[in-house]
Amino acid sequence: QPPTQPPTQPPTQPPTQPTTQPPAINKPKPPVVVPPAAGVKFAKAATSWVRLTWNPADNINGYDIYRAASKSDQYRKIATVAGASNSFTDTKLASGHNYYYKIMAYRIENGKRYSAAFSSPAAAATLPGKVTMKKPKAGKKKATIKWRKRNDADKYQIYRAVKKNGAYKKVKTTSKKASSWTNKKLKKGKKYYYKVRAVKYLDGKAYYGAFSKKVVVQSR
């Protein structure tokens, strides 16, 4: 009999090790960045209100409005403009005053409010009030016009017409301390018509109040 061969055994495989995945890493969400309001500027004014405008922006839920009475004063929040509006009118202000504004945009995400940095400051001025005239005085080839001084005026401008319905031309600018002016070298017996308005200055730009009622003077 041929020799008996031992049964062939399949090769032994090493035990399979379970594959392990690295633990999931939760990446931090990027911070919510809200861009500041841009292009803030003084758009329009009257004696008791000023209007500000700024550039419209996407993904903004509103704006907080801050105001100061001077460049060095503390800014205080006075209003919130919700939605996509890009203007604000500040009312019930004093005439002939300067005001300074900053605007802070905000966005709401997942119920949380995120605010931007302040905008650049914008200066605004209300217009001075209407000048009240007093009785003028006629002199020899001259006329003295008088008015009540206003606390909101930086200067006064005097306009004159030589006909009842003629065009008025500026003939004099006085200081804020003035309350009268004498127009000399006039024609004897001729009537002259005058109006006065107050002027307010902000950063070198003039803002004008309404003209006073006209007064008529006939030189002697």
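Strands here are DSSP runs of at least two residues, numbered from the N terminus. The model is a predicted one.

**A buried loop residue.** S212 sits in the loop that runs between strand 15 (205–208) and strand 16 (215–218). S212 counts as buried because its relative accessibility is 4%, and the cut-off for buried is under 20%. Beyond its neighbours within four places in sequence, S212 contacts K130, V131, M133, K195 and V196.

**Salt bridges.** Side chains of opposite charge can pair when their charged atoms come close. The whole structure holds seven salt bridges. Three of them are among those listed here.

| Pair | Closest N to O distance |
|---|---|
| R113 and D64 | 3.2 Å |
| D154 and K200 | 3.8 Å |

D154 lies in the loop between strand 10 (142–147) and strand 11 (155–161), and K200 lies in strand 14 (residues 191–202), so this pair ties together parts 46 residues apart in sequence. K200 is buried, at 11% relative accessibility.

R113 is partly exposed at 38%, whereas D64 is buried at 2%. D64, R113 and K77 are linked in a salt-bridge network.

Three strands form an open sheet in the order 1-2-5, with antiparallel pairing. Strand 1 (41–45) and strand 5 (87–90) are at the edges with a single partner strand each, so one side of each lacks a neighbour in the sheet. From one strand to the next, the twist averages 25 degrees. Strand 1 and strand 2 (residues 50–53) are joined by four bridges. K41 lies opposite T53 in strand 2.

Definitions and conventions:
Residues are numbered from 1 along each chain as its sequence is written. This is a predicted model: local features need pLDDT of at least 70, side-chain atom pairs count only at pLDDT 80 or more; totals for chains, interfaces and linings use all residues. Side-chain values use heavy atoms; hydrogens and water are left out. Two strands pair if DSSP finds at least two bridges between them. Axes are lines fitted to C-alpha atoms, for helices over the stretch in contact, and angles run from 0 to 180 degrees between N-to-C directions. Buried means under 20% relative accessible area, exposed over 50%, partly exposed in between (1.4 Å probe, protein chains only). Contact means heavy atoms within 4.5 Å. A salt bridge is a side-chain nitrogen of Lys or Arg within 4 Å of a carboxyl oxygen of Asp or Glu.
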